[in-house]
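Open the model in your viewer and have the selection tool ready. The stops below are given in the order to select them.

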Amino acid sequence: MDIINILPDSVANQIAAGEVVDRPAGAVKELLENAMDAGATQIDLVVKDAGRTLIQVIDNGSGMSDSDARLCFERHATSKIHRSDDLFAIHTMGFRGEALASIAAIAQVELRTRLHDSELGTEVRIEGSHIVSQQPTACPPGTSLSVKNLFFNVPARRNFLKKDAVELSHIEEMFKRIVLIHPNIGFLFSSNGKILYDLHPGTLLQRIAGVFGNNYKERLYEVEEKTDLVSINGFVGKPEHARRSRSEQYLFVNGRYIKHPALSAAVEKAYDEMLPEGSHPSYFIGLQVDPSRIDVNIHPTKTEVKFVDDHALFSILRSAVKKSLGVFTLSNQLSFDTPDEFNFGPAPEGYVPPTPTVRYNPNYNPFRATAPQHRMDFDKPDGQIGQKNQDILNAQNIHNIQGDLDLDVPEMSLAASGGCLQLQGRYIATAISSGLAIIDIRRAHERIIFDRLAASISENRTPNSQTLLFPVNCTFTAADAELFTELLPDLRGYGFEIEAAGQTTFVVTATPPDLADGQLQPLFDQILVDYKSSMLQKFSSRSQTLCAALARKMAVRPASEMSQEEMQQLVADLFACPLADTSPSGKKIITVVNPSELLKH
């Protein structure tokens, strides 16, 4: 009995759709790329209900003839490939000839198109791979393609779609990946009747500013390099504007967004020793490579590519970024104009400079064995050394723990009572019943703040606020502004006073105590990143996401010396927390060293 069957075209197209159109954003990508391949200079994207109800792309490109309008929905119908050799010289965005066939298999599609030299256009209606009608119609030159009720005949796939806010954020991200590398094309993006982006043709820097905000013009350094192998153009973020996520990293090859771990690592490698741990640079970099040296056909979405010369590309890209960072950073620091404060001028007539003197410590004995020395202030006369320095002197003999165990720790700050030690500004060491507890100051403070914020919300307390001397404006992308609006009630519950001042700008007039106004934009940016990530998790808590982000930003950075009272209070507050050993981000706070371990060394 024969068991092998040839799949009907409708079923084969649905399978193909699962590879290239797994969510509304996938359909958006395919339609936008088709419009660009048609030579459009203006493309409008319209979505309703995050693409579930409608995705419409309108372009002023070349348009199609009557026969092409019908043929474009056939599988493997393409104008880009004529022979196998063309696969290795691809200059267009789409070339497989599967996109429209796949979309038509899982949606109700309406195509209206007209050639520029024709008086009438063509309208084609297709539903689930079946052509419903085709007739002449009056329409502008170019193409308008509407995708309605996506996945209407594949309910299982439709059920896997996320909330509208999540799906819209995916569409927005796909939109950014396309518009950033095509600044010469105008784009309009509207959702549910609201314009999110209205981008005019211009330079790459103008396009970045149009997508992310005008302040990005001051945050970026230009990258430019040309070799026989590759041409590199784009912008990289200044180190001081690094982010906690990789959400602003865009790498393009031959006008196509790609994901390539090695090349991404090359960019980040150029920032070695410039960024704090856990921070990532922003970059918008385009590479031009001979199409015969690259394979873009290894994945249906064409975001994964292979290079013949990947090792050489890694080195060139890293060097180009590193050179840009070095040139621009150095040029900003070097100035050959003499500052006014160094223009001393001639000495006054009759001026006699004072005789140089040498300050020294008369009590210093280099042959006396002492504990590690501490920096002291000897600028005061004897007897007026100051209480802080006197405490250090009194503590010189308190440097043994458990007998003769000497702790030779550089930059150790030691209080006279011997209750807590501050090590390297970052840790607190304190004795506990099982040995010596080493506490990470920042993580401890993060845990304490998180628990306090969570308790104030759960107990419905009136939040503490501090009114800002000057209101602060915070600006977001259009889609992020919608998400931020959703979060306003929660943020007000933590002590923020925020009001909308336009579609994408919000004014902050009060914040929780101890939160600097300069931290607000980075804080809200990180909150949005965390929130979008949490929406993808089925059992995530919005309240916990906000608490964790606020606690990270409000926690002290362990740089200054703490008093004994401050250290003891921090330790007491930490041990009062139910989860004192772990920070809200899941990192270890306390490391315990017992005496037996010390004796081994």
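Select C577: this cysteine has 10% relative accessibility, and because buried means under 20%, C577 counts as buried. The coordinates are those of a predicted model.

Now select residues 164-179, helix α6. Its 16 residues, at 1.5 Å a residue, should span 22 Å, and the end C-alpha atoms are 22 Å apart, which agrees. Is α6 mostly covered or mostly open? Mostly covered: 12 of the 16 residues are buried. Among them are V166, L168, I171, M174, F175 and I178, but also the charged residues E167, E172, K176 and R177.

Move on to the sheet. Five strands form an open sheet in the order β9-β10-β13-β11-β12, with mixed pairing. Colour β9 (220-226) and β12 (256-257): these are the edge strands, each with a single partner, so one side of each has no neighbour in the sheet. Strand β11 (residues 249-253) pairs with β12 in the antiparallel sense over two bridges. Show V253 there, and R256 in β12 will be found opposite.

Last, select helix α8 (residues 261-269), which lies across β11 and β13. Helix α8 runs at about 125 degrees to β13.

Methods
Residues are numbered from 1 along each chain as its sequence is written. This is a predicted model: local features need pLDDT of at least 70, side-chain atom pairs count only at pLDDT 80 or more; totals for chains, interfaces and linings use all residues. Side-chain values use heavy atoms; hydrogens and water are left out. Helices (H or I, at least four residues) and strands (E, at least two) are DSSP runs, numbered from the N terminus. The expected span of a helix is 1.5 Å times one less than its number of residues. Buried means under 20% relative accessible area, exposed over 50%, partly exposed in between (1.4 Å probe, protein chains only). Two strands pair if DSSP finds at least two bridges between them. Contact means heavy atoms within 4.5 Å. Axes are lines fitted to C-alpha atoms, for helices over the stretch in contact, and angles run from 0 to 180 degrees between N-to-C directions.
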